[in-house]
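Please look through the following structure with its salt bridges, its surface and one of its pockets in mind. The report below takes these topics in turn.

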Amino acid sequence: MKKLKITAEGAYVLGQILLALGTALVASANFGVSMVVAPAYLISEKVPFLTFGMAEYTFQALLICVICLILRRFRIKYLLSFFTAFIYGCLLDLDMQLISLGGDFSLAARCGLFAAGVILTAAGVAFFFNTYLPPGVYELFVKEVSGHFRIDIGKFKIAYDCTSLAVACVMSVIFFGFWPLRGIGVGTVICAAVNGAIISAFSKLMQKKCDFAPLFDPPKWLK
């Protein structure tokens with residue numbers, strides 16, 4: 001069967017669009033966001049002049065500083081990862097505004113938003129796996145730090161996700177009190193339980209059905 005041709009650059013664009021829209025849908029469902037974006041979401045809830053998208057790329061900029069401090073080096077691709085985060089943040093804010101035009105959603109509608117958000121987020125991440133262009137800083141952090149210390153990337157990702165959840169819980173308590181936890185809920189648990197499996201399923205499907213040949217030759221410093 002002939003494969004669908006999608007350039008690696010096109011996969012980057014699709015990844016940006018789907019990841020931002022999926023994140024916005026999950027946040028708008030109000031069942032709890034994923035543990036990875038929870039710290040930035042809580043910052044946006046606490047600081048009036050910061051939108052969710054602005055908090056995302058601000059937090060990811062701080063994470064780049066942490067990468068540089070840990071690894072004691074700086075690479076141009078770190079700046080490009082921030083550019084990815086900036087575009088994602090702008091798209092996220094646009095999506096949040098468009099979804100808010102729907103007003104208050106019923107419980108059934110919220111469940112639909114959440115389910116669609118989880119699927120689109122996973123598809124967006126899977127598209128990012130098929131491009132040579134730098135991913136967002138969350139993925140960059142896991143890849144760079146685990147590689148530097150020669151830690152299994154799967155185990156390090158689990159540790160990073162758990163740390164993000166713990167940080168988000170502490171932030172929620174500090175910002176808004178002990179209960180209820182803001183931004184952390186049943187949706188957070190569901191995301192943690194199913195995201196990996198859905199991303200893996202999308203990745204296998206894309207590898208089987210799509211050809212992600214790059215339109216341009218990737219420069220060596222991006223690899």
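How do the residues of the lining of the second largest pocket divide into nonpolar, polar and charged? They divide into 7 nonpolar, 6 polar and 3 charged, where Ala, Val, Leu, Ile, Met, Phe, Trp, Tyr, Cys and Pro count as nonpolar, Asp, Glu, Lys and Arg as charged, and the others, Gly among them, as polar. This is a predicted model, in which local features need pLDDT of at least 70 and side-chain atom pairs count only at pLDDT 80 or more, while totals for chains, interfaces and linings use all residues. Residues are numbered from 1 along each chain as its sequence is written, and side-chain values use heavy atoms, with hydrogens and water left out.

**The pocket**

The second largest pocket has a volume of about 320 Å³ and is lined by 16 residues, of which Ala27, Ser28, Tyr41, Glu45 and Met96 lie nearest its centre. On a 1 Å grid over the protein atoms alone, a pocket is an open set of points where a 1.4 Å probe fits, with protein on both sides within 12 Å along at least five of seven lines, and lining residues have an atom within 4 Å of a point. Grid points are joined across faces, edges and corners, and the volume is the space filled by probe spheres set on the points. Helix H1 (8–29), helix H2 (38–46) and helix H4 (76–100) each supply at least two residues of this lining, and the largest share, 5 residues, comes from H4. Helices (H or I, at least four residues) and strands (E, at least two) are DSSP runs, numbered from the N terminus.

**Salt bridges**

The structure holds 5 salt bridges, a salt bridge being a side-chain nitrogen of Lys or Arg within 4 Å of a carboxyl oxygen of Asp or Glu. The table gives three of them.

| Pair | Closest N and O atoms |
|---|---|
| Asp211 and Lys5 | 3.3 Å |

Glu45, one of the residues nearest the pocket centre, lies in helix H2, and its partner Arg182 lies in the loop between helix H7 (153–176) and helix H8 (186–209), so the two tie together parts that are 137 residues apart in sequence. Glu144 is buried, with a relative accessible area of 7%, whereas Arg73 is partly exposed at 28%; buried means under 20% relative accessible area, exposed over 50%, and partly exposed in between (1.4 Å probe, protein chains only). Arg73 and Glu144 also belong to a network of salt bridges that links them with Arg75 and Lys77.

**Loops and surface**

Most residues other than glycine have a negative phi. Asn30, in the loop between H1 and H2, has a positive phi of about 60° although it is not a glycine, and Asn30 is exposed, with a relative accessible area of 55%. Arg72, found in the loop between helix H3 (52–71) and H4, likewise has a positive phi, near 55°, and counts as exposed at 76% relative accessibility.
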